[in-house]
Amino acid sequence: MFRRRPVTALTTAVLVFAAMTFPEVAAQAATSTFQPVADTYVDGSVTGTNYGTSGQLGVDNSPAKRMFLRFTVSGVSGPVGSARLRVHTDDVSGAESDNGGLFRAVSSTTWSETGTTWTNQPAIDGATLGSLGAVSAGAWYEIDVTSYVTGNGTYSIAVTSASADGADYDARESGTTTAPQLVVTSGSTPPPTGDVLVGAGDIADSGAGDTATAALLDGIPGTVFTLGDNVYDNGTAAEFSTYYGPTWGRHKARTRPVPGNHDYNTSGASGYYGYFGSSAGDPSKGYYSYDLGSSWHVIVLNSNCSAVSCSSTSAQVTWLKADLAAGGRPCTVAMWHHPRYTSGANHAPNSSVAPFVQALYDAGADLILTGHNHQYERFAPINPANQLDTARGIRHFVVGTGGASHYGFGTILANSEVRNSDTYGVLKLTLSASSYTWQFVPESGRTFADSGTTNCH
């Protein structure tokens, strides 16, 4: 493995994947993992040098480096349900970056692993497949390439970076445990079974977004959750009647809400508590819990910390720890309004809710759902310090897509895996006995989607 040289120009790396398959069993579906048949990178500061035998692949903008990957997919039968490109950052100092790179399709599938240089590199001429924000050293990252990998064949992918502090990934020469992977699932996959939680935050105002997301709820059974800022701008009884009632309000009987800061713009959030009644818990607290099915415990917290304290010694956190200790269910999801971690430009990560996150992590909880920033963001499983933790980490979601006007992204945080800021929609969670499946369901006419399945701790 090489160490990063002092930065000086733009970089792209080329990877080619070999047709090595490692079948995995999935209900009614087939999943195969392919490793590269070829991978390399090129360096604009040494235009005639080939790096095809290197164990490390660089993407950078100073000096310019580009990474190329090629996979050969074979033995796939039936339609491709999903294709995911997985890359692993090298576990050395300097492999981390504030920008993990832009991933694009490449039409050429004949470039040579041991002959490609900056001078003769293939054209990066295909569709954009995705991008990574900040990446840490020694961690896996994933890009959805289903739009590109549609069946058997050979596929080339290039990775470039706009950052002067680029990232370093493990090449196929690093060994099978950290080499790039193309994970292809094909055949018919039955819909997941289990209890359903569905919802979003930042919902009802005078626009049409809440109408679009309420229409999604019409076709999805289960318990509806909200993630705060249920109505704009001030959470008054009149706003709940005028805006929320005609849209999400038609699902009120199956809704378990979360209070947001706009709900507290009316003193004591009286409009919120008056509208939802006992479903919102004690109006002096705003936090409560309930069980769903035989395996899941759901915790609702109040992150309006000026109204209901969130400190580590507060009544709320004391209650949370006791509620978690009472246990009885193997899987736990918690939700509140203000995100501990977010890449949104409008609202920064909120440290006031850190005691919530710590208590949940200590108890082995599985999921945290928040809103506040009007966008969708999914994080990898992380510990309370936003460090990747595949063993005990909690997956965080920001789902502020219920209907209020969208916000943009700012600095992309480490471990942020998927982001969208132009689509209204709801997050559907199918909660099984020992796992959960998430699916972002977009408003009619939009194509952004995100889904996956993870086991409970």
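Let's start with V183, which counts as buried because its relative accessible area is 4%; buried means under 20%, exposed over 50% and partly exposed in between, using a 1.4 Å probe and protein chains only. Before we go on, keep in mind that this is a predicted model, where local features need pLDDT of at least 70, side-chain atom pairs count only at pLDDT 80 or more, and totals for chains, interfaces and linings use all residues. Residues are numbered from 1 along each chain as its sequence is written, and side-chain values use heavy atoms, with hydrogens and water left out.

So where does V183 sit? V183 is part of strand β14. Strands (E, at least two residues) and helices (H or I, at least four) are DSSP runs, numbered from the N terminus. Leaving aside neighbours within four places in sequence, V183 is in contact (heavy atoms within 4.5 Å) with T31, S32, T33, S82, A83, R84 and R86. Q387, on the other hand, is 204 residues from V183 in sequence and 24 Å from it in space, C-alpha to C-alpha.

Now zoom out to the whole of β14, residues 181–186, where six of the six residues are buried. In a regular strand, side chains alternate between the two faces of the sheet. In β14 both faces are covered: Q181, V183 and T185 are buried on one side, and L182, V184 and S186 on the other. Strand β14 pairs with β8 in the antiparallel sense, over six bridges; to count as a pair, two strands need at least two bridges between them in DSSP.

Side chains of opposite charge can pair when their charged atoms come close. Here a salt bridge is a side-chain nitrogen of Lys or Arg within 4 Å of a carboxyl oxygen of Asp or Glu, and that rule gives a count of 10 salt bridges. R86 makes one with E142, the closest N and O atoms being 3.6 Å apart. This pair links distant parts of the chain, since E142 is in strand β11 (residues 140–144) and R86 is in strand β8 (residues 80–88), 56 residues apart. E142 counts as partly exposed because its relative accessibility is 28%.

Next, look at R378 and D450, whose side chains meet in a salt bridge at 2.8 Å, N to O. R378 lies in strand β22 (residues 376–379) and D450 in strand β27 (residues 450–455), so the pair ties together parts 72 residues apart in sequence. Both R378 and D450 are buried. R395 and E417 form another salt bridge, with their closest N and O atoms 3.2 Å apart. R395 is in strand β23 (residues 395–399) and E417 in strand β24 (residues 416–420), so this pair ties together parts 22 residues apart in sequence. R395 and E417 are buried too, and R378, R395, E417 and D450 are linked in a network of salt bridges.

Some of these strands turn up again in an open sheet of seven, with the order β18-β19-β20-β21-β23-β22-β24 and mixed pairing. At its edges are β18 (288–292) and β24, each pairing on one side only. From one strand to the next, the twist averages 15°. Angles run from 0 to 180 degrees between N-to-C directions, and axes are lines fitted to C-alpha atoms, for helices over the stretch in contact. Inside the sheet, β20 and β21 (residues 367–370) run parallel and are joined by three bridges, with A334 standing opposite I368 in β21. Helix α4 (residues 315–326) packs on the sheet, touching β18, β19 (296–300) and β20, and its direction makes about 175° with that of β19.

T332 counts as buried because its relative accessibility is 10%. Not counting residues up to four places away in sequence, T332 touches W296, H297, I299, L324, A365, D366 and L367.

Let's finish with helix α1 (residues 209–218), whose buried residues are G209, D210, T213, A214, L216 and L217. Seen down the helix axis, they fall within an arc of 150°, so they line one face of α1; the arc is that of the directions from the axis to the C-beta atoms.
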